[in-house]
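This note sets out, in numbered points, what a reader may look for in the structure shown below. Please keep the sequence and the model side by side while reading.

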Amino acid sequence: QVQLVESGGGLVQPGGSLRLSCAASGSILSFYSVAWYRQAPGKAREWVAVSRSGGTTTYADSVKGRFTISRDYAENTISLQMNNLEPEDTGVYYCNVGPPNYWGQGTQVTVSS
């Protein structure tokens with residue numbers, strides 16, 4: 001079993017940047033995919049970005065060109081670099097690995113002037 005802990009969230013102005021990190025309690029090498037999801041107030045959780053073991057990455061259209069997902073096998077961390085943030089990016093961000101699926105507890109990101 002793997003525990004995931006996200007960090008790096010906060011309040012940022014539109015156009016700003018944040019870097020989220022997700023620390024795993026064990027190796028993430030065996031998982032096929034690592035991903036980030038987010039949940040805005042009153043909305044369902046949505047997928048944001050995924051990185052697969054073969055090296056491919058895919059992004060939701062709403063964040064393409066602004067967000068970058070990466071993983072560090074040596075440190076067992078998953079990161080999400082978020083640039084040019086928009087108010088619509090506000091929400092709780094969760095990291096995920098799988099299969100089987102494991103989730104972190106989430107970190108709040110608020111984009112507001």
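1. The model is a predicted one. Its largest nonpolar core holds 28 residues, and Trp36, Leu80, Met82 and Tyr93 are the members that touch the most others. At least two residues of this core come from each of β3 (18-24), β4 (33-39), β5 (46-52), β7, β8, β9 and β11 (107-111). The most is given by β3, which supplies 4 residues.

2. Strand β4 and its covering. Is β4 mostly covered or mostly open? Of its 7 residues, 5 are buried, and the strand is thus described as mostly covered.

3. The partners of β4. Strand β4 runs antiparallel to β5, and 6 bridges join the two. In this pairing, Tyr37 stands opposite Trp47 of β5. Strand β4 is also joined to β9, again in antiparallel fashion, by 7 bridges. Here Ala35 is the residue that stands opposite Asn96 of β9.

4. The hairpin. Strands β4 and β5 form a hairpin with 6 residues between the strands. Within this hairpin, Gly42 takes a positive phi near 75°.

5. Ile69 as an example of a buried residue. Ile69 lies in strand β7. Its relative accessible area is 6%, so Ile69 counts as buried, the limit being under 20%. Which residues does Ile69 contact, leaving aside its neighbours within four places in sequence? They are Val34, Ala35, Trp36, Ala49, Val50, Ser51, Thr57, Tyr59, Ile78, Ser79 and Leu80. Pro41, by comparison, is 28 residues from Ile69 in sequence and 23 Å from it in space, C-alpha to C-alpha.

6. Side chains of opposite charge can pair when their charged atoms come close. How many salt bridges are counted in this model? The count comes to 5. In one of them, Glu46 is joined to Arg38, with the closest N and O atoms 2.7 Å apart. Arg38 has a relative accessible area of 6% and is buried, whereas Glu46, at 38%, is partly exposed.

7. Salt bridges: the two partners of Arg66. Arg66 forms a salt bridge with Glu86, the closest N and O atoms being 3.9 Å apart. This pair links distant parts of the chain: Arg66 is in the loop between β6 (57-59) and β7 (67-72), Glu86 is in the loop between β8 (77-82) and β9 (91-98), and they are 20 residues apart. Arg66 is buried, with a relative accessible area of 10%, while Glu86 is partly exposed at 30%. The side chain of Arg66 also meets that of Asp89 in a salt bridge, at 2.8 Å from N to O. Arg66 and Asp89 are both buried.

8. The network. Through salt bridges that share partners, Arg38, Glu46, Arg66, Glu86 and Asp89 are joined into one network.

Conventions:
Residues numbered from 1 in each chain as written. Predicted model: local features only at pLDDT ≥ 70, side-chain atom pairs only at ≥ 80, totals over all residues. Heavy atoms only, no water. Salt bridge = Lys/Arg side-chain N within 4 Å of Asp/Glu carboxyl O. Buried < 20%, exposed > 50% of the residue type's maximum accessible area, 1.4 Å probe, protein only. Core = buried A, V, L, I, M, F, W, Y, C linked by side-chain atoms within 4.5 Å. Pairing = 2+ DSSP bridges. Contact = heavy atoms within 4.5 Å.
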